[in-house]
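Q: I have a model open and would like to go through one part of it slowly, with its surroundings. Could you take a close look with me?

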Amino acid sequence: MQSSNPVLTRPITPPVIERREVGRATVDGVAGRTFVLVAVTVIAAALSWNLLRSPAWTGLFVLGSTLATLVLVLVITFKQITNPFVIAGYAVLQGVFLGVVSRELEQQFPGIVVQAVIGTFGVFLAMALLYRLRVLRATKRFTQIVVGSLVGILLLSLVDFVLRFFGTGLSIYKPGTTGIIFALICIVVGALTFIIDFDQVERAVNGGLPARYGWYLAFGLLVGLIFLYWQIIRLLSYVRGR
């Protein structure tokens, strides 16, 4: 079963296991690696928050980190890279972007970053609990609905991006009723993708993948967490800015 997460959507190709590979991926191992990647992201965000204060340098780092993370996501996903240093590089670059943009939002709306962080991990833990209790299952129908919704979000975002070049847009990324509703939809869909991602991790672990693939699975969860964080902080900024 494929995941709606752009990283975990691509099925993991079973590797040729060499004799020297004795460890196997475990749920606890994936969780531990996810924690490490989140910690790296937070540290990088804290450093960029405090050090990148020059407007000229800030814009350059934001643009550079954005392009670099996009390239890394594609490379890591399609090559199924399991090298922890490459994946940690993504976490660092994403942390730089997170730190700079979050600082600007914090200056406009004091306390918004803490609220967004609490909301992000609160949703993540709630989805983990619902999956653990089997309240929500990654059935074929469930997956089709979530993936279809995610594709719809991506298409709307692309259309809005193109229309902005013509001086208009769909207002889905602007303060107002439309922006708030769209942000809520993104949060719900982003939260539900974790159910599919957890299922993908469980299947990969049960399939006996080598321990090194835990980094790839953790990378997928990190991408989902960052996506959810952006949607929540965007919603909070719209609501508090009204």
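A: Happy to. Please keep in mind that this is a predicted model. Of its 242 residues, 44% are buried. Among contacts between residues at least 6 apart in sequence, 85% join residues at least 24 apart.

Now to your helix. Helix 7 covers residues 213-241, and its 29 residues should span 42 Å at 1.5 Å a residue; the end C-alpha atoms are 43 Å apart, which agrees. As for cover, 24 of those 29 residues are buried, and helix 7 is therefore mostly covered.

Arg234 lies in this helix. Although Arg234 is buried, it has no salt bridge. The nearest side chain of opposite charge belongs to Asp160, and that is 8.6 Å away. A salt bridge needs a side-chain nitrogen of Lys or Arg within 4 Å of a carboxyl oxygen of Asp or Glu.

Asp160 deserves a look of its own. Asp160 counts as buried because its relative accessible area is 2%. Its side chain meets that of Arg164 in a salt bridge, 2.8 Å from N to O. Both residues of that pair lie in helix 5, 4 residues apart, about one turn of the helix. Arg164, at 38% relative accessibility, counts as partly exposed.

The structure holds 9 aromatic pairs. Take Phe161 and Phe165: their ring centres are 5.2 Å apart and their planes stand at 85°, so this pair is edge-to-face. Tyr229 and Trp230 also form an edge-to-face pair, with 5.6 Å centre to centre and 65° between the planes. How do these residues stand with regard to cover: buried or exposed? Phe165 counts as exposed because its relative accessibility is 65%. Tyr229, by contrast, is buried at a relative accessible area of 9%, and Trp230 is buried at 18%.

A further aromatic group leads us to another charged residue. Phe124, Tyr131, Phe194 and Phe198 form one aromatic cluster. Over the face of Tyr131, at 4.8 Å from the ring centre, lies Arg134. Arg134 also forms a salt bridge with Glu202, where the closest N and O atoms are 3.2 Å apart. Arg134 sits in the loop between helix 4 (112-132) and helix 5 (140-164), while Glu202 belongs to helix 6 (residues 177-206), so the pair ties together parts that are 68 residues apart in sequence. Both partners count as partly exposed: Arg134 has a relative accessibility of 34%, and Glu202 has 25%.

Those two salt bridges belong to a total of 4 in the structure. Another one joins the side chains of Glu104 and Arg103, at 3.5 Å from N to O. Here Arg103 counts as buried, with 3% relative accessibility, whereas Glu104 counts as partly exposed at 34%.

One last stop takes us to a glycine. Gly95 is found in helix 3 (residues 84-108). Its relative accessibility is 0%, and Gly95 therefore counts as buried. What is in contact with Gly95, leaving aside its neighbours within four places in sequence? Thr41, Ala44, Ala45 and Ser48 are. Of these, Ser48 is 47 residues away along the chain, yet the C-alpha atoms of Gly95 and Ser48 are separated by 7.7 Å.

To return to where you started: helix 7 is mostly covered, and Arg234, although buried, has no salt bridge there.

Conventions: Residues are numbered from 1 along each chain as its sequence is written. This is a predicted model: local features need pLDDT of at least 70, side-chain atom pairs count only at pLDDT 80 or more; totals for chains, interfaces and linings use all residues. Side-chain values use heavy atoms; hydrogens and water are left out. Helices (H or I, at least four residues) and strands (E, at least two) are DSSP runs, numbered from the N terminus. The expected span of a helix is 1.5 Å times one less than its number of residues. Buried means under 20% relative accessible area, exposed over 50%, partly exposed in between (1.4 Å probe, protein chains only). Rings of Phe, Tyr and Trp (its six-membered ring) pair if their centres lie within 6.5 Å; planes under 30 degrees apart count as stacked, over 60 as edge-to-face and the rest as tilted. A charge sits over a ring if NZ of Lys or CZ of Arg is within 6 Å of the ring centre and within 35 degrees of the ring normal. Lys and Arg count as positive and Asp and Glu as negative; His and the chain ends are not counted. Contact means heavy atoms within 4.5 Å.
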